[in-house]
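Have a look at the fold first, then read on.

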Amino acid sequence: MTSEEILYTILYALFYVYIFFKYINNKNKAKTVILLLALWMLSAISGVIYEQNNLFFHYNKITFFPYIYLFFVNYLTFIPLLRNNETKVESIFFSS
């Protein structure tokens with residue numbers, strides 16, 4: 001494993017750590033959104049541990065572009081959840 005690939009994985013994990021700490025300080029965010037961000041952050045950090053592990057053989061070298069693509073696609077899916085304000089929700093109705 002080259003140091004360049006490990007650097008890409010560390011940067012990817014740092015992106016998620018930054019997003020997590022950016023939104024954890026907001027008191028109005030729903031706890032489920034914070035939980036989802038924590039899950040993605042922990043999986044990115046475990047990716048750093050996996051990349052440094054020499055027990056598994058890596059067939060393809062991972063460049064920085066797939067990490068950037070994955071981060072932005074995941075962030076785009078989180079945007080509606082992150083913009084939702086927990087204090088604005090008064091009630092939820094289900095129709096049968």
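Let's start with Phe-15, which is partly exposed because its relative accessible area is 31%. The cut-offs are simple: buried means under 20% relative accessible area, exposed means over 50%, and partly exposed is in between, with a 1.4 Å probe and protein chains only. Before going further, note that this is a predicted model, where local features need pLDDT of at least 70, side-chain atom pairs count only at pLDDT 80 or more, and totals for chains, interfaces and linings use all residues. Residues are numbered from 1 along each chain as its sequence is written, and side-chain values use heavy atoms, with hydrogens and water left out.

**The overall layout**

The protein has three helices and zero strands, so, with helices (H or I, at least four residues) and strands (E, at least two) taken as DSSP runs numbered from the N terminus, the pattern along the sequence reads α-α-α. Of its 96 residues, 27% count as buried.

**Back to Phe-15 and its neighbours**

Phe-15 sits in helix α1, which covers residues 3-24. Together with Leu-7, Ile-10, Leu-11 and Leu-14, Phe-15 makes a nonpolar surface patch of about 390 Å². To be in a patch, a residue needs over 30% relative accessible area and no salt bridge; like charges are joined within 9 Å, and nonpolar side chains (Val, Leu, Ile, Met, Phe, Trp, Tyr) within 5 Å. A salt bridge here is a side-chain nitrogen of Lys or Arg within 4 Å of a carboxyl oxygen of Asp or Glu. The areas come from the Shrake-Rupley method with a 1.4 Å probe, and for residues only the protein chains shown count as cover.

Leu-14, also a member of that patch, is found in α1 and counts as partly exposed because its relative accessible area is 48%.

**Who ends up across from whom**

| Pair | Apart in sequence | C-alpha to C-alpha |
|---|---|---|
| Leu-14 and Met-41 | 27 residues | 8.4 Å |
| Tyr-12 and Met-41 | 29 residues | 9.3 Å |
| Glu-4 and Thr-63 | 59 residues | 8.6 Å |

**How the helices pack**

Axes are lines fitted to C-alpha atoms, for helices over the stretch in contact, and angles run from 0 to 180 degrees between N-to-C directions. α1 and α2 pack at about 160 degrees, their axes 9 Å apart. That makes α1 roughly antiparallel to α2; angles over 145 degrees get that label, under 35 count as roughly parallel, 65 to 115 as roughly perpendicular and the rest as oblique. The crossing of α1 past α2 is left-handed, meaning that the near helix is turned anticlockwise from the far one by less than a right angle, while clockwise would be right-handed.

What about α3, residues 64-83? The axes of α1 and α3 come within 9 Å and cross at roughly 15 degrees, and these helices are therefore roughly parallel. Their crossing is right-handed.

Finally, α2 (residues 31-52) and α3 have axes that come within 10 Å and cross at roughly 165 degrees. α2 and α3 are therefore roughly antiparallel, and their crossing is right-handed.
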